[in-house]
Amino acid sequence: MTTDARSYLEEGQSAIQAAVDTCAQAGGGTVLIPAGEWPTGPIHLKSNIHLKLEEGATLRFSQRFADYLPVVFTRWEGMECYNYSPLIYARDCTDISITGKGTLIGGGQAWWHWKKLQQAAADELCYAQSRGIPVEERIYGTEKAALRPSFIQPINCRNVLLEGFTIMDGPQWTIHPVYCEDVTVRNVTVSTHGPNTDGLNPDSCRNVLIEGCRFETGDDCIAVNSGMNEDGWRVNRPCENITIRDCVMTGGHGAIVIGSGMSGGVKNVTADRCKIRDTMQGIRLKSMRGRGGYVENVDFHDIEINHVSHQAIQINMFYGSSTVVPKSAVPPIFRTVHIKNVHGAGADTGIEIIGLPEQPLKDISLEQISLTAKHSMVCTDVEGISFQDVQVSVEA
């Protein structure tokens with residue numbers, strides 16, 4: 001069935017949820033959001049629901065924290081817990097989609113100052129697994145804990161389509177599929193400027209296609225993840241078969257990133273035909289002691305990187321910006337990374353490849369690289385690295 005949400009929208013912030021529930025009771029269908037600006041609270045999608053945004057439709061999400069309660073099962077920076085509901089959430093669903101040329105505005109400004117308040121709860125959650133605290137007892141969802149929710153989070157869902165819309169300024173990570181299979185994110189524009197407002201974080205997902213998207217973010221544009229430290233090892237679900245193509249990244253930290261939360265493993269990641277400009281790093285693979293896990297079979301090619309403030313290409317096992325310091329020193333394993341046909345100018349450092357002395361990087365190949373930077377290359381603790389037609393010109 002198709003439900004025009006106009007009549008529901010006139011009833012208040014729970015209107016779209018009422019329309020979703022009506023469609024779900026009928027076995028599924030399309031909830032149509034007409035042109036105009038509409039306030040809303042959280043939206044919990046159900047199986048076989050298509051949320052369609054007409055051109056000119058704007059959903060403006062509530063900035064009242066209490067509207068995102070009761071708590072729901074989620075993964076916060078790679079650790080399972082119960083926290084505030086994401087602004088758009090789906091759990092254990094199949095065949096869900098959000099499409100159209102409308103705009104989602106998250107009102108993240110109300111939440112961003114929580115970055116300065118979250119440390120005690122973040123420490124508690126990060127060490128919960130090592131302390132034997134079960135997930136059912138990791139309950140947050142308070143202003144004191146100050147753990148911000150993601151904007152869009154399908155968790156344990158299958159056949160997810162996000163296409164065509166613009167999404168702006170969520171509380172923390174913007175598009176965050178967790179434990180999902182067969183996800184397509186196509187022609188979506190992400191514009192967000194707060195702390196930790198990553199653009200897109202596939203998290204322990206399988207078969208993800210990201211194409212034709214544009215990112216301008218307050219943190220990493222695309223970051224592939226699979227859980228954090230001991231909790232990532234417990235869940236033990238890799239992020240695999242990830243394809244990124246024809247995307248544009250401007251602003252933010254890393255543009256195409258793997259890690260640092262990759263404790264469940266990451267494999268089979270391909271990125272090609274992407275344009276990167278004015279970020280901190282271009283291609284960035286990052287981790288640290290304590291993460292464990294592995295990254296393997298990475299293939300990045302045909303990428304343009306211009307005017308990045310730090311490294312154009314970086315693989316670094318000494319990541320220094322983790323929210324919480326790991327308790328263990330278990331090293332990650334990175335192997336079989338192929339980077340080909342990358343060119344650009346204006347970086348501070350062209351190439352930085354740094355492994356761990358006790359766990360060197362393995363089987364790294366760079367081919368047809370042409371970069372201009374203030375500093376050429378740093379390379380330490382690597383076993384089996386090959387260079388073919390690699391040129392980093394140092395700016396005068």
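Predicted model: local features only at pLDDT ≥ 70, side-chain atom pairs only at ≥ 80, totals over all residues.
Residues count from 1 along each chain as its sequence is written, side-chain values use heavy atoms with hydrogens and water left out, and local features need pLDDT of at least 70, side-chain atom pairs 80 or more, while totals for chains, interfaces and linings use all residues.

**Exercise 1.** Work out which residues of helix α2 are buried.

Solution. Start with the terms: helices are DSSP runs of H or I with at least four residues, strands are E runs of at least two, both numbered from the N terminus. Buried means under 20% relative accessible area, exposed over 50%, partly exposed in between (1.4 Å probe, protein chains only). Within α2 (residues 15-25), that picks out Ala 15, Ile 16, Gln 17, Ala 19, Val 20 and Cys 23.

**Exercise 2.** Find the strand order in the open sheet of 3 strands.

Solution. Two strands pair if DSSP finds at least two bridges between them. The order is β4-β9-β12, paired in parallel. Then check the edges: β4 (43-44) and β12 (152-155) each have a single partner strand, so one side of each lacks a neighbour in the sheet. Now zoom in on β9 (residues 88-91), which 4 bridges join to β12; Tyr 89 has Gln 153 of β12 as its bridge partner.

**Exercise 3.** Classify the aromatic pair of Tyr 68 and Trp 111.

Solution. Rings of Phe, Tyr and Trp (its six-membered ring) pair with centres within 6.5 Å; planes under 30 degrees apart are stacked, over 60 edge-to-face, the rest tilted. Tyr 68 and Trp 111 sit 5.7 Å centre to centre with 65 degrees between the planes, hence edge-to-face. Tyr 68 is buried at 1% relative accessibility, and Trp 111 is buried at 0%.
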